[in-house]
Amino acid sequence: MSTVKTPMTRQRLKQYVINKKDVDGREYARLQSEKVTDAVRGSSKEPPYLQHTIVITGIDDGERAKLDRKRRAVEREERRIIEFIDGLSDNLIKQILKLRYLEGLTYDKVAKKLYGKDNGDAVRMSENRFFERL
């Protein structure tokens, strides 16, 4: 089986960030709000063995499986992105891409970390030039 390598693009990096946020937050919260609930009848362990209702709550296995598949896909993509970034020769671009896409920082926050000032224009321009050269 041959695997086709998809080139790393800015759009692909942005899509990774969106998918990661979806898996990490909103998707999990959605699943929590869509819990499956059922009730069964049971009795006490001790005499007089009175019957009572027991409520059982859980997450639908089908939804959990979908989330698990999505999480694994995001993890695979993260490994590909790390491999791509680690293979770059330009250390500044490595840092920019790691901070932007793996840590999720804004351009201004990346600039603050790299240059000590929060002017994201220099970071954005460096990233633009990098992707234009690809």
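## Overall fold

Helices (H or I, at least four residues) and strands (E, at least two) are DSSP runs, numbered from the N terminus. The protein has five helices and two strands. Along the sequence, their pattern reads α-β-β-α-α-α-α.

This is a predicted model, in which local features need pLDDT of at least 70 and side-chain atom pairs count only at pLDDT 80 or more, while totals for chains, interfaces and linings use all residues. Residues are numbered from 1 along each chain as its sequence is written, and side-chain values use heavy atoms, with hydrogens and water left out.

## Surface and contacts overall

A residue is buried when its relative accessible area is under 20%, exposed when it is over 50%, and partly exposed in between (1.4 Å probe, protein chains only). Of the 134 residues of the protein, 25% count as buried. Accessible areas come from the Shrake-Rupley method with a 1.4 Å probe; for residues, only the protein chains shown count as cover. The protein has an accessible surface of about 9,600 Å², and carbon and sulfur atoms hold 51% of that surface.

Contact means heavy atoms within 4.5 Å. Among the contacts in the protein with a separation of 6 or more, 43% are between residues 24 or more positions apart.

## A nonpolar patch

V40, I54 and I56 make a nonpolar surface patch of about 220 Å². Like charges are joined within 9 Å, and nonpolar side chains (Val, Leu, Ile, Met, Phe, Trp, Tyr) within 5 Å. I56 belongs to strand 2 (residues 51-58). Its relative accessibility is 45%, so I56 counts as partly exposed.

## Aromatic rings

Rings of Phe, Tyr and Trp (its six-membered ring) pair if their centres lie within 6.5 Å; planes under 30 degrees apart count as stacked, over 60 as edge-to-face and the rest as tilted. This rule gives two aromatic pairs. The ring centres of F84 and F130 are 6.4 Å apart and their planes meet at 55 degrees, so this pair is tilted. The pair links distant parts of the chain, since F84 is in helix 2 and F130 in helix 5 (residues 120-133), 46 residues apart.

F130 also pairs with F131, edge-to-face, at 5.1 Å centre to centre and 70 degrees between the planes.

## Two buried glutamates

E77 is part of helix 2 (residues 61-86). With 14% relative accessibility, E77 counts as buried. Setting aside residues up to four places away in sequence, E77 touches R12 and Y16.

E127 is placed in helix 5. A relative accessible area of 0% makes E127 buried. Beyond its neighbours within four places in sequence, E127 is in contact with R10, I96, L97, R100, Y101 and Y107.

## An arginine over two rings

A charge sits over a ring if NZ of Lys or CZ of Arg is within 6 Å of the ring centre and within 35 degrees of the ring normal. R100 lies over the face of Y101, at 5.4 Å from the ring centre. R100 also lies over the face of Y107, where the distance from the ring centre is 3.9 Å.

Terms used:
Patches are made of residues with over 30% relative accessible area and no salt bridge: like charges are joined within 9 Å, nonpolar side chains (Val, Leu, Ile, Met, Phe, Trp, Tyr) within 5 Å. A salt bridge is a side-chain nitrogen of Lys or Arg within 4 Å of a carboxyl oxygen of Asp or Glu.
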